[in-house]
Amino acid sequence: MVDVSSSVVAEEEGTAGWRRKRRNAFLWIGATLLAVFIVIAIFGRVLAPYDPLAQDLLALLDPPSSAHWFGVDGVGRDILSRLLVGTRTTLLIAVLSITIAGVFGVAFGLISGYFGGLTDRVITALMDLLLTIPSMVLAIAIVAAVGASATGLTVAITVSFIPPLSRLVRGRVMELREEDYISAARTIGMSRARLLVRHLLPNAISVIVIELSLLAGQAVLVGSALGFLGLGVQPPDPEWGAMLGASREYLAVAPHLVIAPGIAISLLVFAFNALGDGLRDRFDPNQSA
């Protein structure tokens, strides 16, 4: 006779083991890819075979070759060199934007979720107002007002990502503030600031880290899109989105110009998303069921 209960247990253990492997795979793939990009960002100028601004007018639009692995752009610059050096700009803008957005978004979410009342209504109304505007439209408006530069790009991405993070943290804090240990902390006279920093923030940190890693991938896309439109880092400085934008007029005769920056953007976005998915599955396994 077949032992049905043993078969069910074995199947559940096998499924659980597969889920653990999947979680670890996403986490390690994302972390490894991101580590590679960080190394390239730090040592890009050392790794670049040519000066990213140097022009070879005899090799305009040359396809990939042993001399130029990824080819040459429309003004004679080595694409691989510009890609390697531009990694620092693209990654730095994304990370800096998400870091600043994290600071303000978490602060607004903590204050709004814990204090409630008028404070909550004012902050929520402001965040809702910003959320009614599509993030790309809001980013374009901000960078147009601040100016097309790395600074303007950073400000635009930062402001675009504060509202969703604030709402997420607010919801988590509203759940936590009803817990018994929060009530006990209030009873013994713990100050609000200490309660926010010592109890609410640590218990919301996993949600914050996961959301930031996922938003970082979106930041790369938004930054590249603005660079493509000419609203980001200005020529001749290398930046992946700007490289795509400058290559579009040569797409019919030299399609290789868009392949390298396009793949680089896709891989960096995938790295952040894989890392975020892995962290989410690690901290909240129930969501990966």
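Modeller: Two packed helices are described by the angle between their axes and by the distance between those axes. In this predicted model, helix H4 (residues 135-146) and H5 pack at an angle of about 145°, and their axes are 8 Å apart. The crossing of H4 past H5 is right-handed.

Biologist: Which residues of H4 and H5 make the contact?

Modeller: From H4, the contact takes in Ser135, Leu138, Ala139, Ile142, Val143 and Val146. H5 contributes Gly152, Leu153, Val155, Ala156, Val159 and Ser160. By class, this contact of H4 with H5 has nine nonpolar and three polar residues, and no charged ones.

Biologist: How many helices and how many strands does the chain have?

Modeller: The chain has nine helices and zero strands. Read from the N terminus, the order of elements is α-α-α-α-α-α-α-α-α. Of its 289 residues, 42% count as buried. Among contacts between residues at least 6 apart in sequence, 72% join residues at least 24 apart.

Biologist: What surrounds the second largest cavity?

Modeller: The second largest cavity holds about 30 Å³ of space. Ser112, Ile123, Thr124, Met127, Ser166, Arg167 and Arg170 line it. By class, the lining of the second largest cavity divides into two nonpolar, three polar and two charged residues.

Biologist: Why does Asp120 count as buried?

Modeller: Asp120, found in helix H3, counts as buried because its relative accessibility is 11%, and buried means under 20%. Leaving aside its neighbours within four places in sequence, Asp120 is in contact with Ser112 and Arg170. Ser112 and Arg170 are also among the residues that line the second largest cavity.

Biologist: Is Gly102 buried or exposed?

Modeller: Gly102 counts as buried because its relative accessibility is 8%, again under the 20% limit. Gly102 is found in helix H2. Its contacts, leaving aside neighbours within four places in sequence, are with Leu165 and Leu212. Gly102 and Ser166 illustrate how sequence separation and spatial distance are read together: they are 64 residues apart in sequence and 8.5 Å apart in space, C-alpha to C-alpha.

Biologist: What volume does the largest pocket have, and which residues are the closest to its centre?

Modeller: A pocket, unlike a cavity, is an open set of points. The largest pocket has a volume of about 400 Å³. It is lined by 25 residues, of which Arg77, Pro235, Ala242, Met243 and Ala246 are the closest to its centre. H2, H7 and helix H8 (240-247) each supply at least two residues of the lining, and H8 gives the most, with five. By class, the lining of the largest pocket has twelve nonpolar, six polar and seven charged residues.

Biologist: How is the second largest pocket to be read in turn?

Modeller: The second largest pocket has a volume of about 170 Å³. Of the 13 residues that line it, Arg45, Val85, Thr89, Asp237 and Pro238 are the closest to its centre. Helix H1 (4-47) and H2 each supply at least two residues of this lining. The lining of the second largest pocket divides into eight nonpolar, two polar and three charged residues.

Terms used:
Residues numbered from 1 in each chain as written. Predicted model: local features only at pLDDT ≥ 70, side-chain atom pairs only at ≥ 80, totals over all residues. Heavy atoms only, no water. 1 Å grid on protein atoms, 1.4 Å probe; cavity = no way out; pocket = protein on both sides within 12 Å on 5 of 7 lines; lining within 4 Å. Points joined across faces, edges and corners; volume = space filled by probe spheres on them. Nonpolar A, V, L, I, M, F, W, Y, C, P; charged D, E, K, R; others polar. Axes fitted to C-alpha atoms, helices over the stretch in contact; angles between N-to-C directions. Helix = DSSP H or I, 4+ residues; strand = E, 2+ residues; numbered from the N terminus. Left-handed = near helix turned anticlockwise from the far one by under 90°. Contact = heavy atoms within 4.5 Å. Buried < 20%, exposed > 50% of the residue type's maximum accessible area, 1.4 Å probe, protein only.
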